[in-house]
Amino acid sequence: MSVRYERPRPVDRRVRVQGRPVDAHPALPPEAQRGSVRRVTVVGEEVLSRPCREVTEFGTPELSALIDDMFVTMYVADGAGLAANQVGVDLRLFVYDCPDDYGIRHVGHIINPVLNLPDPRSRRLVDDFEGCLSVPGAGMAVPRTDRAVARGFDKDGNSLVIEGTGYFARCLQHETDHLVGHTYLDRLSKRDRKDALRQMAERREDVFAQRAIKAARLGH
């Protein structure tokens with residue numbers, strides 16, 4: 001008896017913008033080119049420790065400007081994602097520019113996201129390094145599921161479904177945590193949290209200096 005082997009389906013490696021593949025996308029997206037750099041909040045500030053408010057008005061110039069500002073702020077800080085409360089605005093919104101484990105780049109924003117994770121019986125937890133722009137200079141291993149789906153809306157109120165695997169799934173979980181008032185420090189043991197805060201105290205000034213240099217290069 002002969003055995004037939006199916007060839008694996010080729011992976012579509014095109015950039016995903018708002019969850020949809022596109023043929024090309026600039027390294028610095030249009031949003032970042034329009035935006036202005038804002039100050040990134042630091043752990044300990046009250047806005048980071050309370051749940052954010054739902055966005056109720058879509059399609060406004062103010063919402064578009066906030067997203068633009070968040071994008072450029074994320075790039076200046078060398079981030080893969082940024083939540084609105086990380087620029088001091090307590091709204092349920094985050095932006096991202098993050099690769100998955102296939103090397104596929106995911107770019108976009110999502111408003112009022114609801115996160116769906118695999119069923120506990122089938123989910124796979126991965127311990128991997130995680131940092132946060134609001135915990136500058138620190139990084140620790142954090143367990144996250146290797147798949148996640150975020151459902152929400154774009155800035156015009158259109159429905160979005162954003163699927164993530166690997167590192168991008170981690171990003172979706174990390175940013176959604178921010179919107180309920182948590183940072184990755186809240187998922188650490190007391191000992192690891194103390195270590196992360198020690199790292200931040202030692203390195204934060206260097207991180208801030210690097211951000212200032214990058215902002216100047218971008219003309220901000």
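Analyst: Happy to. The second largest pocket has 18 lining residues, and those nearest its centre are Asp100, His106, Glu163, Gly164 and Thr165. Here a pocket is an open set of points on a 1 Å grid over the protein atoms alone, where a 1.4 Å probe fits, with protein on both sides within 12 Å along at least five of seven lines; lining residues have an atom within 4 Å of a point. Two or more lining residues come from each of β5 (105-116), β8 (147-153) and β9 (159-165), with β9 giving the largest share at five residues. Strands (E, at least two residues) and helices (H or I, at least four) are DSSP runs numbered from the N terminus. This is a predicted model, where local features need pLDDT of at least 70 and side-chain atom pairs pLDDT 80 or more, while totals for chains, interfaces and linings use all residues. Residues are numbered from 1 along each chain as its sequence is written, and side-chain values use heavy atoms, without hydrogens or water.

The lining of this second pocket comprises nine nonpolar, five polar and four charged residues, and its volume is about 300 Å³. Charged covers Asp, Glu, Lys and Arg, and Gly counts as polar. A volume is the space filled by probe spheres set on the grid points, which are joined across faces, edges and corners.

Now for the largest pocket, which holds about 550 Å³ of space. Its lining has 27 residues, with Asp78, Gly79, Gly131, Cys132 and Leu133 closest to the centre. The elements giving two or more residues to this lining are β6 (125-131), α3 (166-179) and α4 (190-217); α4 supplies the largest share, six residues. By class, 13 of the lining residues are nonpolar, seven polar and seven charged.

Helix α4 also contains Arg211. Beyond its neighbours within four places in sequence, Arg211 is in contact (heavy atoms within 4.5 Å) with Val40, Val76, Ala77, Leu133 and Pro136.
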